[in-house]
Amino acid sequence: MNINTTDERLRSMASAAGYGEAAEALAEQYESVTFAEVHREVLHLFPSRPSRVLDIGAGSGRDAAALAAQGHRVVAVEPTAELRTLGRRLHADQEIDWIDDALPELPGLSAQGRRFDLILLTAVWMHLDARQRASAMARLGGLLVVGGRVVLSLRHGPVPAGRRMFPVCAQETIDLAREHGLDVVHHARREDPHGRPGVSWTYLGLQLREPPSAPRPSAGDHGRDQVEGGGQDAGPEDVRQQRVP
């Protein structure tokens, strides 16, 4: 099977292919590592005060629950019904708004006109082909408040059988983000939290820049032009280059 045939086969698959039938095992895997461990590279980018957070591809709800426990208003988007059901059950003690929707267009969520301070995409981007990634990046920018952030992880390594995944790289993602008004404020690479051979991750923090003509809201405005994170505000000049052996 040549590369072109393989690409066409992958594109014909649903982006969430293979997740429904493996939901129980996947939920156990997701919940076996903590929110803090998975996101250790980017914790300083997360809002330090109650904010509006969107978790796209929320899976078992591990991250959504951790963020809700910190006082954030969390919307969890998960296209796999089995994972949504498990997430609601596992984290019933947290107030999470679960939604059945999917990238690249997020039609249900977009129709609601909501805006968020933080958008989280953990192990999601590689499920989209190049055209879908371009559409998805434009959609993400439209869902952020000015100064809002996107934190996403890019998976590198072998593709599990029965899954739809495409090669993704940091530079392509950064260039695409800049085209849609998002500047990189963090760039790090690390090993796989689950210790899978050959798998590694790139973590990116992206921030929606302020349009030149936009007025600056007052510091007390919840929709102000920056999102605080971990006691510091990492602007574009503070891009962190971290390499994990």
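Tutor: By class, the residues lining the second largest pocket are five nonpolar, three polar and six charged. The model is a predicted one. The space in this pocket comes to about 230 Å³. Its lining has 14 residues, and those closest to the centre of the pocket are H72, R73, V74, V75 and E95. Two elements, β2 (73–77) and β3, each give two or more residues to the lining. The largest share is that of β2, with three residues.

The peptide bond that joins L103 and P104 is cis, with omega at about 15°. L106 also has its place in the loop between β3 and α6. Its phi is near 45°, which is a positive value in a residue other than glycine. Most residues other than glycine have a negative phi, and most peptide bonds are trans. The cis bond between L103 and P104 and the positive phi of L106 can be read with that in mind. Is L106 buried or exposed? The cut-off for buried is under 20% relative accessible area. L106 has 0% relative accessibility, so it counts as buried.

Another positive phi is found at A123, a residue other than glycine, where the value is near 55°. A123 lies in the loop between β4 (116–121) and α7 (130–143). Because its relative accessibility is 24%, A123 counts as partly exposed.

S51 lies between α3 (35–38) and β1 (52–56), in the loop that links them. With a relative accessibility of 3%, S51 counts as buried. What lies 2.9 Å from a polar atom of the side chain of S51? It is the backbone oxygen of R49. The cut-off for a polar contact is 3.5 Å between N or O atoms. S51 is thus a buried residue whose side chain has a polar atom 2.9 Å from the backbone oxygen of R49.

Notes:
Residues are numbered from 1 along each chain as its sequence is written. This is a predicted model: local features need pLDDT of at least 70, side-chain atom pairs count only at pLDDT 80 or more; totals for chains, interfaces and linings use all residues. Side-chain values use heavy atoms; hydrogens and water are left out. Helices (H or I, at least four residues) and strands (E, at least two) are DSSP runs, numbered from the N terminus. Buried means under 20% relative accessible area, exposed over 50%, partly exposed in between (1.4 Å probe, protein chains only). A polar contact is a pair of N or O atoms within 3.5 Å; within protein, one must be able to donate a hydrogen and the other to accept it, and residues adjacent in sequence count only if both atoms are side-chain atoms. On a 1 Å grid over the protein atoms alone, a cavity is a set of points where a 1.4 Å probe fits but cannot get out, and a pocket is an open set with protein on both sides within 12 Å along at least five of seven lines; lining residues have an atom within 4 Å of a point. Grid points are joined across faces, edges and corners, and a volume is the space filled by probe spheres set on the points. Ala, Val, Leu, Ile, Met, Phe, Trp, Tyr, Cys and Pro count as nonpolar, Asp, Glu, Lys and Arg as charged, and the others, Gly among them, as polar.
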